[in-house]
Amino acid sequence: MAGDSSKRRVQIKVKRFQPDQRAEAYWQEFSLEVEGTDRLLDALNKIKWTQDGSLTFRRSCAHGVCGSDAMRVNGRNRLACKLLMNDLGARISVEPMLGFPVVRDLVVDMDPFFHKYEKVKPYLINEEPAPRTERLQSPEERARFDETTKCILCGACTGSCPSVWANPEWVGPASIVNAHRFIFDSRDRGAAERLNILSDRNGVWRCRTIFNCTDACPRGIHVTDAIEEVKRAIMYGVE
Amino acid sequence: MNYHKFDVVIVGSGGAGLMSAMQLAHNSSIAVISKLYPTRSHTGAAQGGVAAALGNQEEDHWQWHMFDTVKGGDYLVDQDAGAVLTQEAIDAVYDLEHWGLPFNRTPDGKIDQRRFGGHSRNFGEGPVRRSCYAADRTGHMILQTMFQQSVKNQVHFFNEYMMLDLLVNNGQAVGVVAMNLRDGELHVFHAKALVLATGGYGRAWRITSNALACTGDGMAVAYRRGIPLEDMEMYQFHPTGLYKVGILLSEAARGEGAYLLNKDGERFCIRYAPTMQELAPRDMVSRFIYQEIAEGRGIDGKDYVYLSVAHLGKQKIDEKLPDITDFARNYLGVEPYYEPVPIQPTAHYAMGGIPTNIEGQVVIDEQSTPMPGLYAAGEVACVSVHGANRLGTNSLVDLIVFGRRAGKHIAQKWLPEAEFGELPGDPESRAREQVEGLLSRTEGETQDAIRQELRDMMMERVGVIRDDAGLTAAMNKLVELKERYAKVRLMDHSKTFNTELMEVIELGNLLDCSEATIAGAQARKESRGAHYRPDYEKRDDVNFLKHTLAYQSERVGAPDLRYKPVVITEFQPKERKY
């Protein structure tokens with residue numbers, strides 16, 4: 001097995017916001033022993049359980065599939081449960097994702113994010129009567145939208161996007177990814193509605209192809225490419 | 001008092017809760033309460049597939065699926081429920097497809113199916129392709145699809161609300177009390193029907209595949225309100241957890257042809273289960289691994305063996321098993337294209353839980369008397385379709401079939417005649433005492449050691465192998481931990497998003513679930529399915545072909561145990577051979 005599991009000491013600097021006590025955010029540094037194969041989430045839990053129970057963050061599955069623990073680590077949006085201490089060096093900065101209202105410490109308000117997601121009609125639209133068994137779909141048709149089915153709605157892409165920071169009203173990359181997932185599904189009949197929504201002034205055209213979203217995605221989705229495909233579909237129709 | 005009134009309140013937003021919601025959203029007022037955002041629910045971590053006898057790849061019948069389920073469960077399955085599970089699986093899978101679930105496809109465009117542990121053709125002749133799947137992220141696709149449908153149907157969610165108490169008045173379930181994590185406020189939800197769909201409690205063990213949120217909240221809250229917990233001693237260890245971290249590596253790997261290897265490079269499963277080999281049921285494969293380790297054939301003499309997929313080739317690995325091979329790369333630095341992956345059994349799934357009948361109604365005694373207004377579905381419930389050992393893919397089947405049945409029963413049978421029951425006086429009182437007690441205490445130990453000691457104890461004493469001495473020690477330890485827990489202190493006294501408060505409440509829930517688990521295991525002096533006792537090595541149908549019902553008593557560590565018969569229709573108990 002690769003990986004160094006020997007113990008070492010790291011400094012984790014956390015941007016804290018404790019609204020019950022202070023109106024302003026502030027930085028606090030924690031020092032602790034970790035193993036190289038520990039996840040950053042393990043380190044945060046260790047701080048919470050042994051040093052400061054008020055350190056506040058979301059977490060659940062702890063292996064990169066539930067999307068709870070997206071945060072900004074050393075300046076980039078990451079899931080804390082997918083980062084190993086081996087890959088992080090001895091001084092680590094952790095802060096909440098940008099572009100979201102902060103509730104407490106690393107916990108941000110995800111409600112606006114989900115409201116934007118709902119705007120793109122992220123569900124199969126097909127009013128034709130369903131057959132008794134499955135609707136048929138070839139492996140090739142299925143492969144066409146595989147990439148965007150992987151989205152876990154963690155918000156890492158949307159929180160990394162300068163266009164979102166500049167304009168919080170913008171629908172943002174995650175919503176477009178979820179529109180893409182249906183626009184290119186051969187069983188769906190709602191592409192025109194969604195493309196109409198996404199062609200307005202807070203739709204796809206505010207994407208400036210900066211690629212931060214693609215870098216941030218913990219599921220390896222080529223987010224910018226998906227957005228480009230939606231742009232092309234608006235211009236030339238769904239291929 | 002923050003008061004809400006809905007026809008139906010569903011607690012939990014995983015597959016079972018949302019499937020119930022889908023049956024009700026059109027014509028009744030419903031709310032879904034979740035301590036997470038819905039898409040964070042642990043259904044999303046399920047990987048390998050959902051079984052249904054569609055017969056898309058080869059001949060298959062629901063009766064074969066039912067037989068496998070009963071035999072896999074070591075004959076502790078209630079067979080009326082097993083029949084419902086396997087028959088209705090077929091339509092439920094088509095429902096999911098019609099809602100847009102992106103299943104993998106056969107060349108002719110049908111839902112693709114693959115092999116899975118314990119699933120056989122013609123009553124045990126050999127493996128069959130029964131698991132419908134979407135790569136190795138089937139649970140993710142189910143959860144996303146259900147959530148998408150919830151958005152479409154404008155389901156009313158209360159996200160990041162944690163259930164603290166169940167309100168029962170005059171024998172009827174009338175509501176729940178939940179805490180809004182955002183500001184610590186308590187809310188009373190008054191309803192004609194409640195569905196508990198809060199999942200399992202794998203976090204009671206040190207090595208587990210379960211999310212940090214899987215803390216048995218629904219089971220513990222019900223248990224404290226006098227509702228029994230059924231067959232809690234039946235807890236499944238999945239054979240292939242990533243070494244040390246416990247992250248699940250789906251049985252789909254073995255379904256696609258992966259090998260389990262000991263230090264000599266031997267496929268040891270063949271020695272124990274010549275027909276099904278690596279695809280023997282999970283309880284057995286976990287024991288095979290323990291046996292290999294005990295006899296010195298673990299890798300480097302340590303407590304793990306190898307899962308090898310390298311011979312499947314890159315293309316198949318990338319197409320069928322992309323996520324789990326990424327887990328091996330990311331967390332262990334192992335490249336599965338070329339290297340075998342270190343694995344060990346990991347605490348995975350509760351076969352037991354809140355007893356229900358086949359309509360999803362919670363039943364509270366040996367005669368299976370329903371509690372009016374109360375339903376449960378999914379891992380929190382015990383129907384019992386998994387008996388003493390669940391087959392792979394049957395958890396997702398359970399969610400969709402019994403989530404659907406509970407919702408339908410409420411819509412068609414219960415709501416047309418039900419009235420709102422009266423709330424008890426001061427309905428928040430118990431929840432308020434719990435929260436204020438925790439927030440006000442300023443001295444004593446914090447949660448950390450209690451949780452660690454619980455998880456270590458459950459791993460060492462209440463794992464794949466149990467015996468009388470170990471279980472007695474476990475219960476003594478549990479009593480000590482509960483005494484310490486009664487005096488636990490928080491570091492964080494804020495009411496704003498206090499996750500330490502949430503964790504400490506969760507820890508209390510784990511302690512209660514563990515109490516019922518250990519007590520059931522102590523009393524079941526036989527070996528059956530996941531409950532393996534070297535001191536009582538044989539299955540004992542004369543004395544223990546029955547379900548345990550554990551009721552919390554006044555005495556810590558000593559629940560009252562009662563028993564109810566197993567429903568047997570088609571398949572008489574036989575010895576399990578694979």
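Mentor: We shall take the chain contact, a sheet, a pair of helices and a single residue in turn. This is a predicted model, in which local features need pLDDT of at least 70 and side-chain atom pairs count only at pLDDT 80 or more, while totals for chains, interfaces and linings use all residues. Residues are numbered from 1 along each chain as its sequence is written, and chains are lettered from A in the order in which they are written.

Trainee: How many residues of chain A are in contact with chain B?

Mentor: Two residues are in contact if their C-beta atoms, placed from the backbone, lie within 7 Å. Here 44 residues of chain A are in contact with 47 residues of chain B. The side of chain A that touches chain B divides into 19 nonpolar, 13 polar and 12 charged residues. In these classes, Ala, Val, Leu, Ile, Met, Phe, Trp, Tyr, Cys and Pro are nonpolar, Asp, Glu, Lys and Arg are charged, and the others, Gly among them, are polar.

Trainee: What is the strand order of the open sheet in chain B?

Mentor: Strands of a sheet pair through backbone hydrogen bonds, either parallel or antiparallel. Strands are DSSP runs of E with at least two residues, helices are runs of H or I with at least four, and both are numbered from the N terminus. Two strands pair if DSSP finds at least two bridges between them. The open sheet of 4 strands in chain B has the order β13-β16-β15-β14, with antiparallel pairing. Because β13 and β14 of chain B each have a single partner strand, they stand at the edges. β13(B) pairs with β16(B) over 6 bridges, and H238(B) has T346(B) as its bridge partner in β16(B).

Trainee: At what angle do α3(B) and α11(B) cross?

Mentor: Axes are lines fitted to C-alpha atoms, for helices over the stretch in contact, and angles run from 0 to 180 degrees between N-to-C directions. The axes of α3(B) and α11(B) come within 9 Å and cross at roughly 90°. The two helices are therefore roughly perpendicular, a term for angles of 65 to 115 degrees. Their contact has 8 nonpolar, no polar and 3 charged residues.

Trainee: Why does H65(B) count as buried?

Mentor: A residue is buried if 20 or more other C-beta atoms, placed from the backbone, lie within 10 Å of its own. H65(B) counts as buried because it has 28 C-beta neighbours inside 10 Å. H65(B) lies in helix α2 of chain B. Not counting residues up to four places away in sequence, H65(B) touches A51(B), A53(B), T86(B) and R130(B).

Methods: Buried ≥ 20, exposed ≤ 12 C-beta atoms within 10 Å, placed from the backbone. Parallel < 35°, antiparallel > 145°, perpendicular 65-115°, else oblique.
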